[in-house]
Amino acid sequence: MLRSRGLRLTAQRQLVLQAVLDLGHATPEQVHTAVREVAAGVNITTIYRTLELLERLGLVTHTHLSHGSPTYHAAGEHQHVHLVCRECGAIDEVSPEMFRPFADQLAGERGFQVDIGHVALFGVCGRCAQDGAGE
């Protein structure tokens, strides 16, 4: 895809994309850590620029799962709603079909089209809820 758009397929671009694929959901900092295990000289600015390029090309997408950096994942994955535990930070996914009735209601009542790939719901995961129940 890069070559078809007149761009070079550099080792750094390959490493960044592979890190996103391997990590599943990753912040630029997490991608940077993974890439530096293979190529120590890659700086964080290169990671951010490469992620932006890969997103413009439609290879990765991001969502905001916390107050910090965006979290990237492969764009080719099925769309999903993110479930983020405020206690342990775990990220889970559910099918957008669980969210579809609400998205359809928003579309019908407000004309608003939800980008399900960017939806994140915050709460407490089952494990943390169970661990906290005994306190």
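Reply: Asp 92 is partly exposed, at a relative accessible area of 48%; that label covers values between buried (under 20%) and exposed (over 50%), taken with a 1.4 Å probe and protein chains only. The model is predicted, so local features need pLDDT of at least 70 and side-chain atom pairs pLDDT 80 or more, while totals for chains, interfaces and linings use all residues. Residues are numbered from 1 along each chain as its sequence is written, and side-chain values use heavy atoms, without hydrogens or water.

Asp 92 sits in strand S4, residues 91-94. Strands here are DSSP runs of E with at least two residues, helices are runs of H or I with at least four, and both are numbered from the N terminus. Setting aside residues up to four places away in sequence, Asp 92 touches Val 81, His 82 and Leu 83, where contact means heavy atoms within 4.5 Å. Leu 121 is 29 residues from Asp 92 along the chain, and their C-alpha atoms are 9.9 Å apart.

For comparison, take His 62 in strand S1, residues 60-63. His 62 has a relative accessible area of 19% and is therefore buried. Its side chain makes a polar contact of 2.8 Å with the side chain of Glu 55. Such a contact is a pair of N or O atoms within 3.5 Å; within protein, one must be able to donate a hydrogen and the other to accept it, and residues adjacent in sequence count only if both atoms are side-chain atoms. Beyond four places in sequence, His 62 also contacts Pro 70, Thr 71, Tyr 72 and His 118.

Tyr 72 belongs to the largest nonpolar core, which has 12 residues, including Val 16, Val 35 and Ile 47. Helices H1 (11-23), H2 (28-36) and H3 (44-56) each supply at least two residues of this core. A nonpolar core is a set of buried Ala, Val, Leu, Ile, Met, Phe, Trp, Tyr and Cys residues joined through side-chain atoms within 4.5 Å.

Across the chain, there are five helices and five strands, in the order α-α-α-β-β-β-β-α-β-α. Buried residues account for 33% of the 135. Of the contacts between residues at least 6 apart in sequence, 49% join residues at least 24 apart.
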